[in-house]
Amino acid sequence: IVLSWIVFMHIGALASFFTFSWKALAVCLFLYWFTGGIGICLGYHRYFTHRSFATPKPIQYFLAMVGCLAGEAGPISWVAAHRYHHTYSDTENDPHSPLKSFMWAHMTWLFGREKNLAKFEEYKKYTPDMANDRFLVFLDRYHILPAVLLTGILYWLGGWSFLVWGIFVRSVIVYHRTWFLNSASHVWGYTSFKTTDQSKKNW
């Protein structure tokens, strides 16, 4: 299912060659920032995974919904995989270890996800702070719904041009930006401090 979805999104992005408009590009760039920057980076990563700041419940739920718009899984699933990664970073137990291969770390790990990260009853043990929240559990199960709603809104506002650039192109860019953190940032770059993993700094 995951492989089919990602292939579908990449093929859909090819329609950008026939649907370009400056307004559609602006929609793409805004949603890239909104879903990738606010949803994934600030919401899924900074807040839910690492709890690096405090915020009221309505803001938490808003961040979770924006994260769902990125199409990278539900909030509990995403956070469970990332916490598991930090526990075993750059070891054989790391779910997307670059030790296996660059492409494994980048994306192919998604197609052979370990059982403990594939089923809610298994991965919820890594997210006890989220797994008892009914709204987050609902979002995790039906994480595609916000994206379906966004798809309809974009088509209504700007037709195929907005849909292609706001959903397909933007999603593919956000996917690879996120995946490069698992692959390129653990393979290329430099380190300022000695750490126990292979994470590196680069542009």
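In this predicted model, Cys41 counts as partly exposed, at 30% relative accessibility. The sulfur of Cys41 lies 16 Å from the closest cysteine sulfur, that of Cys68, which is too far for a bond.

**Cysteines**

- A search of the whole structure returns zero disulfides.
- Cys68 takes part in no disulfide, and the nearest cysteine sulfur, in Cys41, is 16 Å away.
- A disulfide would require the two sulfur atoms to be within 2.5 Å.
- Cys68 is buried, with a relative accessible area of 2%, whereas Cys41 is partly exposed at 30%.
- Cys68 belongs to helix 3, where it is one of the buried residues.

**Helix 3**

- Helix 3 covers residues 57–69 and comprises 13 residues.
- From its first C-alpha to its last, helix 3 reaches 19 Å, close to the 18 Å expected at 1.5 Å a residue.
- The buried residues of helix 3 are Gln60, Leu63, Ala64, Val66, Gly67, Cys68 and Leu69.
- These buried residues pack against four helices: helix 2 (22–49), helix 4, helix 7 and helix 8 (144–182).
- In general, an α-helix has 3.6 residues a turn, so residues three or four places apart point the same way.

**Contact of helix 3 with helix 7**

- The axes of helix 3 and helix 7 come within 11 Å and cross at roughly 5°.
- The two helices, helix 3 and helix 7, are therefore roughly parallel to each other.
- On the helix 3 side, the contact is made by Tyr61, Ala64, Met65 and Cys68.
- On the helix 7 side, Phe135, Leu136 and Leu139 meet these residues.
- The contact of helix 3 with helix 7 consists of seven nonpolar residues, with no polar and no charged residues.

**Helix 4**

- The 13 residues of helix 4 should span 18 Å at 1.5 Å a residue, and the end C-alpha atoms are 18 Å apart, which agrees.
- Eleven of the 13 residues of helix 4 are buried, so this helix is largely enclosed by the rest of the structure.
- The buried residues of helix 4 are Pro75, Ile76, Ser77, Trp78, Val79, Ala80, Ala81, His82, Arg83, Tyr84 and His85.
- Packing partners of the buried residues of helix 4 are helix 2, helix 3, helix 6 (120–123) and helix 7.

**Contact of helix 4 with helix 7**

- Helix 4 (residues 75–87) and helix 7 (residues 134–141) pack at an angle of about 90°, with their axes 6 Å apart.
- This angle makes helix 4 roughly perpendicular to helix 7.
- Pro75, Ile76 and Ser77 of helix 4 meet Leu136, Val137, Leu139 and Asp140 of helix 7.
- The contact of helix 4 with helix 7 divides by class into five nonpolar residues, one polar and one charged.

**Arg83 and Arg51**

- Arg83 is located in helix 4 and counts as buried, at 17% relative accessibility.
- Leaving aside neighbours within four places in sequence, Arg83 is in contact with Phe48, Thr49, Arg51, Tyr126, Thr127 and Asp129.
- Arg51 lies in the loop between helix 2 and helix 3 and is partly exposed, with a relative accessible area of 32%.
- Although Arg51 is not a glycine, it has a positive phi of about 50°.

- Ala73 is situated in the loop between helix 3 and helix 4 and is buried, with a relative accessible area of 17%.
- A positive phi of about 95° is found at Ala73, although this residue is not a glycine.
- Gly158 lies in helix 8 and is partly exposed, with a relative accessible area of 28%.
- The C-alpha atoms of Gly158 and Lys23 are separated by 8.7 Å, while the two residues are 135 residues apart along the chain.

Key:
Residues are numbered from 1 along each chain as its sequence is written. This is a predicted model: local features need pLDDT of at least 70, side-chain atom pairs count only at pLDDT 80 or more; totals for chains, interfaces and linings use all residues. Side-chain values use heavy atoms; hydrogens and water are left out. Axes are lines fitted to C-alpha atoms, for helices over the stretch in contact, and angles run from 0 to 180 degrees between N-to-C directions. Angles under 35 degrees count as roughly parallel, over 145 as roughly antiparallel, 65 to 115 as roughly perpendicular and the rest as oblique. Contact means heavy atoms within 4.5 Å. Ala, Val, Leu, Ile, Met, Phe, Trp, Tyr, Cys and Pro count as nonpolar, Asp, Glu, Lys and Arg as charged, and the others, Gly among them, as polar. Buried means under 20% relative accessible area, exposed over 50%, partly exposed in between (1.4 Å probe, protein chains only). The expected span of a helix is 1.5 Å times one less than its number of residues.
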